[in-house]
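Please read it alongside the sequence and coordinates shown here.

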Amino acid sequence: MERKKLFSALVILLGVTCANKADACTGITLKSKDNGIVAARTIEWGESEMENLYTIVPRGYVQQSMLPNGETGGMTFSSMYGYVGLAVVQPGWVVDGMNEAGLSAGLFYFPGYGQYPEYNPDDKANTISDFQLVSWILSRFSTVDQVKAAIKNVRVTSIDPRASTAHWRVTEPSGKQIVIEFINGEAQVYDSELGVLANSPDYPWQLKNLNNYVNLAPGTAGPVKMGPITLRAFGAGSGLLGLPGDFTPPSRFVRAAFLQTYSIEQDTSYDSVLQAFHILNNFDVPLGTEFPVGEYPVNMPSATQWTIANDMHDRIVYYHTMYNRTLRSIDINKIDFATVKFQSHPLDATKAETIIPVSIEM
């Protein structure tokens, strides 16, 4: 009975996601002078307030994949590595996180372009649902190369045919990163030197699209002579005049690429974490922008429900939410994954901003 409830909840989540294209996740990667790597991203969902959780998974924890139509017998996997992840709706549906080896993985929506292998009941013991792939990666692997080799040997499926497909990015502490997409039923693995990811179209297309902005550069443009007159910029930053500011995936990919690339390299990974949150503030989606005027389904602080930064150098997961912008941290170094219990808790203990009154001397 409990499995049927989980299946129904995920069907509702994925079905609505597909219908309304709520696919505005944006990811960046920063490197610091101490060779630290930070993988950070936003997650958007404008239809309703999701059940947003953090989950702690110990070594040896056994999970089994869900399958289409509520079937049982999906792939079973146990955790070689303990990990911490941010989950949606249910504790096991981790969509971004990091394991004790420092490997980071995240799911991003990929509607209209991906295609998983056709589901084959005869191969269900080797089949894993897309919403559990992050958990499998964090449970089993410590390097990008290991994931590259293993992804070819599993079959990824969606448990509901109406649902959006997904793609994934995986990052190791060295900074090596890959993007995984399923095209025509086959796993395509791309080396991601740029470290940016958004949603559709496919990753190679997003890279090609950057060439449309070859004229952009940081700094101030001009002055330029135009016959008898001189054209001057109205203000600083005009070298990036024309940088797209809308919330479509191609525009967010371009904006993230420029803001990440030209940000100042920080001394430490902790400083890079703070920088990542500042950069990703540019991608917060105000709820009213996703729907026609007066047709938004719910009133929340933001369609950007939470933002995460995985510090793979110091092994700390940071996040803030739409309800509380105060940074919270989970230090993986302080967790004994051999003894800790599987557990999951809401991202917000109370859904309110932390306000600190300023003391005034009288």
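This is a predicted model: local features need pLDDT of at least 70, side-chain atom pairs count only at pLDDT 80 or more; totals for chains, interfaces and linings use all residues.

How many residues does the hairpin use to join E17 to E18? The hairpin that connects these two strands passes through six residues.

**Sheet and hairpin**

- Five strands form an open sheet in the order E1-E2-E16-E17-E18, and their pairing is antiparallel.
- At the edges of this sheet lie strand E1 (27-31) and E18, each of which pairs on one side only.
- On average, neighbouring strands of the sheet are turned by 15° against each other, with direction ignored.
- Strand E17 covers residues 316-321 and strand E18 covers residues 328-331; the two run antiparallel and are joined by four bridges.
- Within this pairing, Tyr318 has Ser329 of E18 as its bridge partner, while Tyr319 stands opposite Arg328 in E18.
- In a regular strand, side chains alternate between the two faces of the sheet.

- The structure holds ten salt bridges, including one between Arg328 and Asp348, whose closest N and O atoms are 2.9 Å apart.
- Arg328 lies in strand E18 and Asp348 in the segment after strand E19 (343-346), so this pair ties together parts that are 20 residues apart in sequence.
- Asp348 is buried because its relative accessible area is 12%, below the 20% cut-off.

**Other salt bridges**

- Lys176 and Asp145 form a salt bridge with their closest N and O atoms 2.9 Å apart.
- Because Lys176 lies in the loop between strand E11 (166-171) and strand E12 (177-183), and Asp145 in helix H3 (residues 144-151), the pair ties together parts that are 31 residues apart in sequence.
- Both members count as partly exposed, Lys176 at 34% relative accessibility and Asp145 with a relative accessible area of 43%.
- Asp123 and Arg155 also meet through their side chains in a salt bridge, at 3.7 Å from N to O.
- This pair links distant parts of the chain, 32 residues apart: Asp123 is in the loop between strand E8 (104-109) and strand E9 (127-129), and Arg155 is in strand E10 (residues 155-157).
- Asp123 counts as partly exposed at 27% relative accessibility, and Arg155 counts as partly exposed at 25%.

How values were computed
Residues are numbered from 1 along each chain as its sequence is written. Side-chain values use heavy atoms; hydrogens and water are left out. Two strands pair if DSSP finds at least two bridges between them. A salt bridge is a side-chain nitrogen of Lys or Arg within 4 Å of a carboxyl oxygen of Asp or Glu. Buried means under 20% relative accessible area, exposed over 50%, partly exposed in between (1.4 Å probe, protein chains only). Axes are lines fitted to C-alpha atoms, for helices over the stretch in contact, and angles run from 0 to 180 degrees between N-to-C directions.
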